[in-house]
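Hello,

Here is the structure I promised to pass on. My notes follow below it.

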Amino acid sequence: MGTAAHSTAYNVPVTTPTPTDLELRCHCGGVQLLAANVTPAVANRIVCHCAGCRAFAERMDARDLDALGGVERMQVSPAALHITRGADALACMQQSPRGALRWIARCCGTPLGLTLRSARVPFVGLDVKRVDLDRLVRPLDDVIGPLRARVNGTFARSERPALRADTRSLLSMLAHLAPLTLRWWWRGDQRRSPFFDKGRPVVEVETLYEAREPKLLGRGCR
Ligand SMILES: [Zn+2]
Ligand SMILES: [Zn+2]
């Protein structure tokens with residue numbers, strides 16, 4: 001394989017990224033996901049700085065926070081995502097009544113990513129830290145592209161100056177994500193999510209809030 005792999009690799013023009021299957025796993029390996037045929041063109045790599053994402057990381061595993069206190073995610077089509085192992089260990093949590101659905105591996109309590117509450121919005125935000133780098137055949141940047149923006153920085157609790165410098169990237173990120181999301185929606189990808197069945201989450205959503213606690217975490221993913 002060595003020689004063939006080399007000659008193939010050298011023939012690939014750098015301008016045409018090879019679609020790559022990305023494997024993701026929880027810490028214990030009980031739950032494994034596969035994002036199929038990923039290229040930088042169909043992935044949107046961001047860091048979310050909302051108070052909700054930070055609070056969830058602090059609750060589950062603070063190592064998921066980067067140096068600026070955000071959580072790195074890649075947004076892909078839900079139809080590209082497959083649960084390849086441990087579907088029965090999948091769990092879902094919500095921190096506020098209108099907050100995002102945060103998908104985790106129950107086996108070891110590892111966050112996997114999030115979706116919006118509504119299955120009609122066709123994207124999943126997978127935690128980049130869950131990518132199984134040992135099984136990656138090319139550099140992660142070549143597969144999911146560079147970090148496009150730090151989002152919800154306005155709502156971050158600190159590090160405002162560092163984040164403000166990056167707000168211009170928000171527009172170019174949206175210019176990338178909006179047509180992608182529209183294409184996925186047009187194709188009906190929202191009906192092919194492993195996290196939803198007929199518009200409802202595939203597991204019971206565990207609520208982490210009191211019934212009467214509105215606006216618990218302010219704006220952002222919540
Ligand atoms: Zn696990
Ligand atoms: Zn967030």
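Is strand 7 (residues 101-105) largely enclosed by the rest of the structure or left open, and why? Strand 7 is largely enclosed, because five of its five residues are buried. Buried means that 20 or more other C-beta atoms lie within 10 Å of the residue's own; exposed means 12 or fewer, partly exposed lies in between, and C-beta atoms are placed from the backbone. Strands (E, at least two residues) and helices (H or I, at least four) are DSSP runs, numbered from the N terminus.

First, the ground rules. This is a predicted model: local features need pLDDT of at least 70, side-chain atom pairs count only at pLDDT 80 or more, and totals for chains, interfaces and linings use all residues. Residues are numbered from 1 along each chain as its sequence is written, while chains are lettered from A and ligands numbered from 1 in the order in which they are written.

Back to strand 7. L101, W103 and A105 point one way, R102 and I104 the other, and all are buried. In a regular strand, side chains alternate between the two faces of the sheet.

Pairing here requires at least two DSSP bridges between two strands. Strand 6 (residues 90-94) runs antiparallel to strand 7, joined by four bridges. A91 stands opposite I104.

Three strands make it up, in the order 1-2-5, with antiparallel pairing. Strand 1 (20-25) and strand 5 (81-85) are the edges, each pairing on one side only. The twist averages 30° from one strand to the next; angles run from 0 to 180 degrees between N-to-C directions, with axes as lines fitted to C-alpha atoms, for helices over the stretch in contact. Five bridges hold strand 1 against strand 2 (residues 32-38). L24 sits opposite L33 in that pair.

Helix 5 (residues 169-187) checks out. At 1.5 Å a residue its 19 residues should span 27 Å, and its end C-alpha atoms are 27 Å apart, which agrees. The expected span is 1.5 Å times one less than the number of residues. Just after the helix, G188 takes a positive phi of about 85°.

Overall, the protein chain has five helices and 13 strands. Of its 222 residues, 38% count as buried.

Best wishes
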